[in-house]
Amino acid sequence: ALWLDLPERLRRSGLEARLPLAALLLGKFTGLALGALLALAAAPAAPGRLGIAVALGLPAAGFFLPDALLEREARRRRRRLVSALPDALDLLAVSGASGRGPADGLAQLARTGEGPLAEEMRIAVAELSCGSSLSAALAALRARVPGSELATLVASIERSRRFGSPLADQLRRQASALRRDSRRAVEERAARAAPKIQLVVALVLVPSVMLMIAAGLIAAAATLLSGF
């Protein structure tokens, strides 16, 4: 499991509390066995050297299918975390403007928040309550959640602690930048969806309408051709 990096995959997907490591290993070997059974049935029917690829590829696909599902869940979890970050930054900015420290703001997020971001904040607060320094807890948070979003938040808090720069203004600017990036991502997805919609219309709707017209013409063919 360590060689396959399964504990880290489980942690990034947020399923480590619900999916035991033994169950994940069992799922991988079950997929391997099912892929081997399918390969036994499909490989003899495959033409030429394709049978060798089928015999090797199906068991490998069954073995690595749980990894692909975990990666998909990890990407979903990260999207949820990043989408909740602007509101969390606004709350931290309000907390900092009122004179409270970053640790108090993280504790408030951990108490009142929901979702993957609040879960990560609860881990950081638990580390602080166990005697870890704020710098170490923030470094662990940045290591658990890779990406520039959390790294920028951690850098802002550290810069404020070391040099006394106003934290609230930095957090508000970062929240605004994240919201702009989110709007831009939505616009890009909408722009990419337009050709797909046109393809569906061209491949499905237009032939359906043509079939309906053809069916009507065939049904009325006797009436239309009666005058000839």
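At what angle do helix α2 and α3 pack, and how far apart are their axes? I began with this pair, keeping in mind that I am reading a predicted model.

**Entry 1: α2 and α3**

I find that helix α2, residues 21–42, packs with α3 at an angle of about 150°, and that the axes lie 7 Å apart. Since angles over 145 degrees count as roughly antiparallel, α2 and α3 are therefore roughly antiparallel to each other. I also looked up the hand of the crossing, and α2 passes α3 in a right-handed one. On the α2 side the contact is made by Leu 24, Gly 27, Lys 28, Phe 29, Gly 31, Leu 32, Gly 35, Ala 36, Leu 38, Ala 39 and Ala 42. On the α3 side I noted Val 54, Ala 55, Leu 58, Pro 59, Gly 62, Phe 63, Phe 64, Pro 66, Asp 67 and Leu 70. Sorted by class, the contact of α2 with α3 holds 15 nonpolar, 4 polar and 2 charged residues.

**Entry 2: α5 and α6**

Next I turned to helix α5, residues 116–129, and helix α6, residues 134–144, which pack at an angle of about 150° with their axes 9 Å apart. That angle makes α5 roughly antiparallel to α6, and the crossing in which α5 passes α6 is right-handed. From α5 the contact draws on Glu 120, Met 121, Ile 123, Ala 124, Glu 127 and Leu 128, while α6 brings Leu 134, Ala 137, Ala 140, Leu 141 and Arg 144. I counted the classes here as well, and the contact of α5 with α6 has 8 nonpolar and 3 charged residues but no polar ones.

**Entry 3: α7 and α8**

How do the axes of α7 and α8 cross, and within what distance do they come? I read a crossing at roughly 165°, with the axes coming within 9 Å. That makes α7 roughly antiparallel to α8, and α7 passes α8 in a right-handed crossing. In α7 the residues I listed are Glu 149, Thr 152, Leu 153, Ser 156, Ile 157, Arg 159 and Ser 160, and they meet Leu 167, Gln 170, Leu 171, Gln 174 and Leu 178 in α8. By class, the contact of α7 with α8 divides into 5 nonpolar, 5 polar and 2 charged residues.

**Entry 4: the largest pocket**

I then looked for open space, and the largest pocket has a volume of about 400 Å³. It is lined by 16 residues, of which Val 82, Ser 83, Leu 178, Asp 181 and Ser 182 are the closest to its centre. Leu 178 had already come up in the contact between α7 and α8. Which helices each supply at least two residues of the lining of the largest pocket? I find α3 (50–97), α7 (148–163) and α8 (167–219), with α8 giving the largest share, 9 residues. The lining of the largest pocket divides into 6 nonpolar, 5 polar and 5 charged residues.

Key
Residues are numbered from 1 along each chain as its sequence is written. This is a predicted model: local features need pLDDT of at least 70, side-chain atom pairs count only at pLDDT 80 or more; totals for chains, interfaces and linings use all residues. Side-chain values use heavy atoms; hydrogens and water are left out. Axes are lines fitted to C-alpha atoms, for helices over the stretch in contact, and angles run from 0 to 180 degrees between N-to-C directions. Helices (H or I, at least four residues) and strands (E, at least two) are DSSP runs, numbered from the N terminus. Angles under 35 degrees count as roughly parallel, over 145 as roughly antiparallel, 65 to 115 as roughly perpendicular and the rest as oblique. A crossing is left-handed if the near helix is turned anticlockwise from the far one by less than a right angle, and right-handed if clockwise. Contact means heavy atoms within 4.5 Å. Ala, Val, Leu, Ile, Met, Phe, Trp, Tyr, Cys and Pro count as nonpolar, Asp, Glu, Lys and Arg as charged, and the others, Gly among them, as polar. On a 1 Å grid over the protein atoms alone, a cavity is a set of points where a 1.4 Å probe fits but cannot get out, and a pocket is an open set with protein on both sides within 12 Å along at least five of seven lines; lining residues have an atom within 4 Å of a point. Grid points are joined across faces, edges and corners, and a volume is the space filled by probe spheres set on the points.
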